[in-house]
Amino acid sequence: MASDISPATAAARTPLNICVFCSAADLDGVYTDAAREFAGLIGKRGHSLVWGGSDSGLMKVVADGVQEAGGRLVGISVEFLRNVARPNADEMIVTADLAERKAVMLARADAIVVMVGGTGTLDEATEILELRKHGMHTKPIVILNTAGFYDGLQQQMRRMEAEGFLPLALDELVTFADDGLQVLELLGA
Ligand SMILES: CC(C)=CCNc1ncnc2c1ncn2[C@@H]1O[C@H](COP(=O)(O)O)[C@@H](O)[C@H]1O
């Protein structure tokens with residue numbers, strides 16, 4: 001269970017814009033509980049959430065949790081999903097297409113966290129990883145491996161590293177964390 005922190009510690013932390021990629025689907029409690037815990041920490045520690053802007057599934061769980069804990073919400077929506085954008089975000093940017101959305105999400109982020117998700121999350125994660133691989137950004141990328149959801153991906157990436165498919169060490173590209181508290185520890189946040 002995540003512990004709280006004193007106001008003095010919170011004041012010493014630099015507020016970050018934490019970009020979260022995660023599922024737009026309604027999921028089992030094992031995922032929603034972990035997402036709520038992480039979102040609460042983001043908000044309590046004074047960070048902002050940069051996310052896809054929609055009010056559905058795990059995306060909504062995270063946005064609700066951050067907002068309830070006092071964090072700021074920065075939505076990066078896209079024209080064809082404009083009608084499902086969250087109405088009460090602190091900021092909502094509507095991009096023309098998915099490519100522009102990913103670019104804006106990256107531009108607005110200090111760090112990227114990949115939570116459990118489907119193809120949309122995978123699309124966002126691989127683009128941000130690929131840009132980092134090519135040195136187009138140096139923002140930390142953490143995969144929040146709730147309930148071992150990304151064990152298979154981690155195994156695949158280790159194989160890529162071991163067999164020479166990656167031009168850099170895996171831990172220079174991405175870090176895996178077991179829970180939200182560990183994510184924030186890794187980010188120094
Ligand atoms: C009709 C309705 C409520 C649609 C909501 N659908 C969505 N709204 C906003 N972003 C999305 C949506 N679907 C995919 N994405 C983007 O792709 C990721 C989720 O895709 P997935 O569920 O993992 O594959 C999110 O990080 C988000 O940025």
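User: Why does Ile 76 count as buried?
Analyst: Happy to start there! Ile 76 counts as buried because 26 C-beta neighbours lie inside 10 Å. The general idea is that a residue is buried if 20 or more other C-beta atoms, placed from the backbone, lie within 10 Å of its own, exposed if 12 or fewer, and partly exposed in between. Before we go on, residues are numbered from 1 along each chain as its sequence is written. This is also a predicted model, where local features need pLDDT of at least 70, side-chain atom pairs count only at pLDDT 80 or more, and totals for chains, interfaces and linings use all residues.

User: Where is Ile 76 found, and which residues does Ile 76 touch?
Analyst: Strands (E, at least two residues) and helices (H or I, at least four) are DSSP runs, numbered from the N terminus. Ile 76 is in strand β3, residues 72-78. Two residues are in contact if their C-beta atoms, placed from the backbone, lie within 7 Å. Leaving out residues up to four places away in sequence, Ile 76 touches several residues, among them Val 50, Ile 93 and Met 105.

User: Which residues have the most contacts inside the largest nonpolar core?
Analyst: In soluble globular proteins, nonpolar side chains tend to be buried together. A nonpolar core is a set of buried Ala, Val, Leu, Ile, Met, Phe, Trp, Tyr and Cys residues joined through C-beta atoms within 7 Å. Here the largest one has 45 residues, and those with the most contacts inside it are Val 20, Ala 35, Leu 49, Val 62, Val 113 and Met 115. Helix α2 (residues 29-44) gives the most to this core, with 7 residues. As for Met 115, the residues it touches include Val 20, Ala 35 and Leu 144, again not counting those up to four places away in sequence.

User: Which residues come nearest to the ligand?
Analyst: A residue is near a molecule or strand if its C-beta atom, placed from the backbone, lies within 6 Å of it. Of the 17 residues around the ligand, Gly 52, Ser 54, Gly 117, Gly 118 and Gly 120 come nearest. Helix α5 (residues 119-133) supplies the largest share of this shell, 4 residues.

User: What is phi of Ala 147, and where does Ala 147 lie?
Analyst: Most residues other than glycine have a negative phi. Ala 147 has a positive value, near 55 degrees. Ala 147 sits in the loop between β6 (141-144) and α6 (151-162). With 13 C-beta neighbours inside 10 Å, Ala 147 counts as partly exposed.
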